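Subject: Structure for you to look at

Dear colleague,

I am handing over the structure below, and after it you will find my notes on what turned up in it. Please read them with the model open beside you.

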Amino acid sequence: MNQTEVFYRQVLRIRRVEEEVARVYPTDKIKSPVHLSIGQEGVSVGICAALRKTDVVCPTYRGHALYLAKGGDLNAMIAELYGKVTGCTRGKGGSMHLIDVAAGVLGASAIVGTTIPLAVGYAYAQRVKKTDTVVASFFGDGAVDEGAFHESMNFAALHKLPVLFVCENNFYSIHSPQLARQPHANLCDRASSYGVKSEQLDGCDVPELYARAQAAVESVRAGDGPRFLECMTYRFREHVGPNEDFHAGYRSREEAEPWFARDPLRLLGQRLDPIVRTRIEAEVELEIADAFAFAESSPFPPSEELLADVYLEAQ
Ligand SMILES: Cc1ncc(C[n+]2csc(CCOP(=O)(O)OP(=O)(O)O)c2C)c(N)n1
Ligand SMILES: [Mg+2]
């Protein structure tokens with residue numbers, strides 16, 4: 001498989017998983033709120049391609065794409081959304097709390113900005129342990145308004161920690177546009193003020209993202225300190241839930257049209273032979289059908305598990 005095929009397969013897989021999540025959602029089989037990444041998948045795929053399996057990522061509640069791009073187990077993710085015991089947190093966390101430690105996906109959180117200091121702490125531990133692991137901290141443009149972002153950026157820059165800060169700028173924090181929240185739109189300027197080398201990237205162009213991320217990861221791994229990538233992207237669906245929301249009044253379909261035209265899946269698909277595309281699509285559908293069947297047939301956790309893994313058990 002050439003690189004375009006690999007990227008197409010990964011973006012398609014995430015897109016189709018989330019479209020299936022959206023299709024199933026009204027049946028109430030999915031037991032948690034879902035924040036879909038549809039439209040934004042290119043960022044996770046491009047960045048994760050530049051990471052090693054042993055590197056780690058810290059996602060947000062909008063984490064399906066990052067979890068899958070980093071190699072998180074698909075069956076365990078769908079089972080988690082269904083609240084089943086075979087889920088990645090045994091059905092207790094739902095969509096907003098995905099985790100797959102073996103794949104290097106550290107646990108996500110529903111609270112905006114909270115995984116940024118965790119990523120920095122994990123990176124500090126790598127420094128102490130003298131590993132060459134890189135930690136990629138993903139967050140949205142809204143998280144950049146949080147104090148935790150600034151404290152984390154300052155500390156990571158001061159200690160030259162191995163962190164790649166990845167901001168998925170989709171221009172909205174729920175329904176608030178970026179310019180209604182921030183007097184200055186360029187987020188790279190904020191990171192640069194801490195002495196962190198920063199770049200604004202096109203989140204729809206996966207091969208270019210991959211190339212830029214490779215250079216950034218190499219520099220972080222070499223010990224040159226953190227880097228900040230602001231990836232411009234667009235959320236196609238509502239903030240939370242399975243639907244479009246262009247009727248809600250805070251943004252228009254006209255605003256979205258140029259982003260639909262530059263859909264990362266479409267851009268990659270255009271570069272492939274239709275026969276190759278069809279083969280990849282068929283393989284992806286089979287895998288997704290299996291994952292949903294796995295979730296359907298898995299049991300719910302037994303009631304005795306209600307308090308297990310909630311408090312630290314005495315050894
Ligand atoms: C500390 C905190 N404040 C507010 C919220 C409510 N909230 C949930 S998601 C969200 C939007 C965050 O926007 P952004 O960081 O841009 O990420 P996006 O949802 O666009 O991916 C907000 C304000 C929260 N979960 N945590
Ligand atoms: Mg946002």
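On the surface, Leu306, Leu307, Val310 and Tyr311 form a nonpolar patch, with about 480 Å² of accessible area together. A patch is made of residues with over 30% relative accessible area and no salt bridge, where nonpolar side chains (Val, Leu, Ile, Met, Phe, Trp, Tyr) are joined within 5 Å and like charges within 9 Å; a salt bridge is a side-chain nitrogen of Lys or Arg within 4 Å of a carboxyl oxygen of Asp or Glu, and accessible areas come from the Shrake-Rupley method with a 1.4 Å probe, only the protein chains shown counting as cover for residues. Leu307 lies in the segment after helix H12 (274-297) and is exposed, with a relative accessible area of 56%.

Please keep in mind that this is a predicted model, in which local features need pLDDT of at least 70 and side-chain atom pairs count only at pLDDT 80 or more, while totals for chains, interfaces and linings use all residues. Residues are numbered from 1 along each chain as its sequence is written, chains are lettered from A and ligands numbered from 1 in the order in which they are written, and side-chain values use heavy atoms, with hydrogens and water left out.

On a 1 Å grid over the protein atoms alone, a cavity is a set of points where a 1.4 Å probe fits but cannot get out, a pocket is an open set with protein on both sides within 12 Å along at least five of seven lines, and lining residues have an atom within 4 Å of a point; grid points are joined across faces, edges and corners, and a volume is the space filled by probe spheres set on the points. Among the residues lining the largest cavity are Thr60, Tyr61, Phe138 and Phe139. Phe139 is found in strand E2 and is buried, with a relative accessible area of 2%; buried means under 20%, exposed over 50%, and partly exposed in between (1.4 Å probe, protein chains only).

The largest pocket holds about 320 Å³ of space, and of the 21 residues that line this pocket, the closest to its centre are Tyr61, Arg62, Gly140, Tyr172 and His239.

Finally, helix H2 (residues 41-48) is mostly covered, as eight of its eight residues are buried. Helices (H or I, at least four residues) and strands (E, at least two) are DSSP runs, numbered from the N terminus.

Best wishes
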